[in-house]
Amino acid sequence: MPGQRVFLHSRTLPVRMVAPSLKLQDLIEEIRGAKTQAQEREVIQKECAHIRASFRDGDPVHRHRQLAKLLYVHMLGYPAHFGQMECLKLIASSRFTDKRVGYLGAMLLLDERHDAHLLITNSIKNDLSQGIQPVQGLALCTLSTMGSAEMCRDLAPEVEKLLLQPSPYVRKKAILTAVHMIRKVPELSSVFLPPCVHLLHERHHGILLGTITLITELCERSPAALKHFRKVVPQLVQILRTLVTTGYSTEHSISGVSDPFLQVQILRLLRILGRNHEESSETMNDLLAQVATNTDTSRNAGNAVLFETVLTIMDIHSAAGLRVLAVNILGRFLLNSDRNIRYVALTSLLRLVQSDHSAVQRHRPTVVDCLQETDASLSRRALELSLALVNSSNVRAMMQELQAFLESCPPDLRADCASGILLAAERFAPTKRWHIDTILHVLTTAGTHVRDDAVANLTQLIGGAQELHAYSVRRLYNALAEDISQQPLVQVAAWCIGEYGDLLLEGNCEEIEPLQVDEEEVLALLEKVLQSHMSLPATRGYALTALMKLSTRLQGDNNRIRQVVSIYRSCLDVELQQRAVEYDTLFRKYDHMRAAILEKMPLVERDGPQADEEAKQSKEAAQLSEAAPAPTESQASQLLDLLDLLDRASGDAQHPPPLDPSPGGALVYLLDLPCAPPPPAPIPDLKVFEREGVQLNLSFIRPPENPALLLITITATNSSEGDVTNFICQAAVPKSLQLQLQAPSGNTVPARGGLPITQLFRILNPNKAPLRLKLRLTYNHFHQSVQEIFEVNNLPVESWQ
Amino acid sequence: YASLYFCCAIEDQDNELITLEIIHRYVELLDKYFGSVCELDIIFNFEKAYFILDEFLLGGEVQETSKKNVLKAIEQADLLQEDAKEAETPRSVLEEIGLT
């Protein structure tokens, strides 16, 4: 029944048919009175039907009211496109009320993507040229809000005329409309550029503000304009200076700061003009210092100006002292109680940390404190900034802080924090043991959040640090015994226990508390990992292989291991099944080979194949001795200044060359080592350096299996009365050769013939190019620091032919 | 601002702190105009909220930094509207009571 469809309301409503349309406020009240979404929709649909009818009837008197109601409904998200034409009619009307609502409707409903919007161009043109000031204002406002490129082109002449109007009310609007027009039609820059310089002489703040905005827009779009406006820098400086030094003016001040909006805009323009321009930058230096020191920072308005000043100082060619001042201001911001200010400080410091590293470093403690922020966007930025501030001198302290943070940080930051710590550790680790400890800590704290290559990195790191094998395996064993849920940790621990199980059972290790571990306990732990539902398939693979390796490392009989291996022959996981079958066969049919096959693994290449593949290849590699420790990154990058003779040799020496990308690569690498047959004709040693009892000798080896390879061992000896410390040797070779420096045996040569330092250089010379070698030595001797750079002469011809 | 929330979209290089000032200035303008503005004021007079905004910002940029000037402009426009309405009032009243 029709009556039922009327909304239930406590007051009686006027009967629709006869009464005039609802007032806007009444409609709003009705809509808000609706109790459900469906009710609201009903009210609105009914009203829209009336509005549509009214539009059709063409009632001019209430048109503005109908459109206003329609706009409200539009704001709620309901369709209102049928009001578009009404906007046009209202704009064309002579009544101010109509125009006001009509233009508002145009801004809300007309869209430059649809052609209908062009229809108001004419009305705007008329209003701009003939309307009273408020009407001109409406037209300009609409134009700058929804004016399309076409409209802008059509109406540019009108707006240009208005720039010269006496009334500031219209002029300020015209200027900002010009800004919009230039954004839409860049070619119009030529129209609006000429009046700018003149407008800068105005005193009206609104006009000044608009003009500066316009100039900024012009400069951002055209280098020619930028050059042109550089000449107003002195004038801008003067305007800003006047603002800053003038006393309090009620009209434009906020919290004791004179027109902060204008100040910020001027500073922004100065930034653009001073960027990459020495002269302009110099002109503004004093003023910037003045603003930076005199602005009242008790409220946000002052801080806003200060912030803009800092941004400008950092972006132009400012004096070093000024830059430091700016960074210090940001540092002060970090201590501000207002969260927003801390936020902008962190974001800005992040942008500056590369270019002004040492200045930002000074605020490191404050930045680290910000890690404790409760607000997520703040703590995230604090983390990024903290990571960027880690360097070799503060790495230990920073890592402590970051690791503490890792333990308590919110989950979405865990992954970034973990990978940040690992990266920093890789770059700046002071010792291998520290590095291993750090990675271990990260794996135990946030194991599930680390990147995939963390496992490979850690195993390679441990593998390469022979002196730390016992230490590592013990720590890992302890960690594993406590918790088998963190997969990366479990994988590394399983691998280590498999490799170094014998060290685990040996008993004493200096660096860690003595641990009595039973063989059975070890096996039980690995079995637990194997059986746990928390273990990933890959992890179980590691555990199984580790168990297998232990069969050669442990003293007791292997019954338990054989049992486990046997059980897994029927495991549903194909990978485990295959392994178990192979291992079982090893026990049953090839037991005589088992020891050789399961020998300690050679060092895995960093980019090399998975550790598990290596196990299969270790069958053949078992004959050879253990590989040399991991090659350190060549320090030849620091020799760039020496390379006039050796034409960019350092470029090649920076990365260990991948000798052979295929999985067999590791084998070739191993075969390179001088082991089996001695080289046919030994190359004589060469003394290359002597100074005050410190001597450097080179010895050469060319393995017969690889004619392109040359191994040079440098030996540093000391027959003087004073110790040699911090000894570093760097080398460079010609571009066509490849050089790898391995880690030296140490940095100190004690006095009176103490233990020499040796270091191995590996040089690849496939083209048999003439060998040239430049060396740089740095060390401390007799309380003096010594640096020697020289090219080695008399290199034996046999070393490269 | 009691139960009022404001959201402002700015560009990458814009100064966030001055944006806060812009929002604050707008609230002050509304406050002065409506007398202790609250949510309902803005809802029932949304078109006025737009008109005030349009005297403070233009094309996304600040056009007038004097509170006084902005409020004066609104006042004048309102007066213009009132004058126009007064001229037509007799007619509308007749319409309101159902007589043409």
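User: Leaving aside neighbours within four places in sequence, which residues is Leu461(A) in contact with?

Analyst: Leu461(A) touches His435(A), Ile436(A) and Ile439(A) once neighbours within four places in sequence are set aside; contact means heavy atoms within 4.5 Å. This is a predicted model, in which local features need pLDDT of at least 70, side-chain atom pairs count only at pLDDT 80 or more, and totals for chains, interfaces and linings use all residues. Residues are numbered from 1 along each chain as its sequence is written, chains are lettered from A and ligands numbered from 1 in the order in which they are written, and side-chain values use heavy atoms, with hydrogens and water left out.

User: Why does Leu461(A) count as buried?

Analyst: Buried means under 20% relative accessible area, exposed over 50%, and partly exposed in between, with a 1.4 Å probe and protein chains only. Leu461(A) has 12% relative accessibility and therefore counts as buried. Leu461(A) is found in helix H27 (residues 453-464) of chain A; helices (H or I, at least four residues) and strands (E, at least two) are DSSP runs, numbered from the N terminus.

User: What makes H13(A) roughly parallel to H16(A)?

Analyst: The axes of helix H13 (residues 205-221) and helix H16 (residues 260-274) of chain A come within 10 Å and cross at roughly 25 degrees. Axes are lines fitted to C-alpha atoms, for helices over the stretch in contact, and angles run from 0 to 180 degrees between N-to-C directions. Angles under 35 degrees count as roughly parallel, over 145 as roughly antiparallel, 65 to 115 as roughly perpendicular and the rest as oblique. H13(A) is therefore roughly parallel to H16(A). Among the residues making the contact are Leu208(A) and Ile212(A) of H13(A) and Leu262(A) and Ile266(A) of H16(A).

User: Which residues of helix H5 in chain A are buried, and what do they pack against?

Analyst: In H5 (residues 84-92), Gln84(A), Glu86(A), Cys87(A), Leu88(A), Leu90(A) and Ile91(A) are buried. The buried residues of H5(A) pack against helices H3 (37-57), H4 (63-75), H6 (96-109) and H7 (121-130) of chain A.

User: What pattern does chain B follow along the sequence, and how much of chain B is buried?

Analyst: Chain B follows the pattern α-α-α-β-β-α, which comes to 4 helices and 2 strands. Buried residues make up 44% of its 100 residues.
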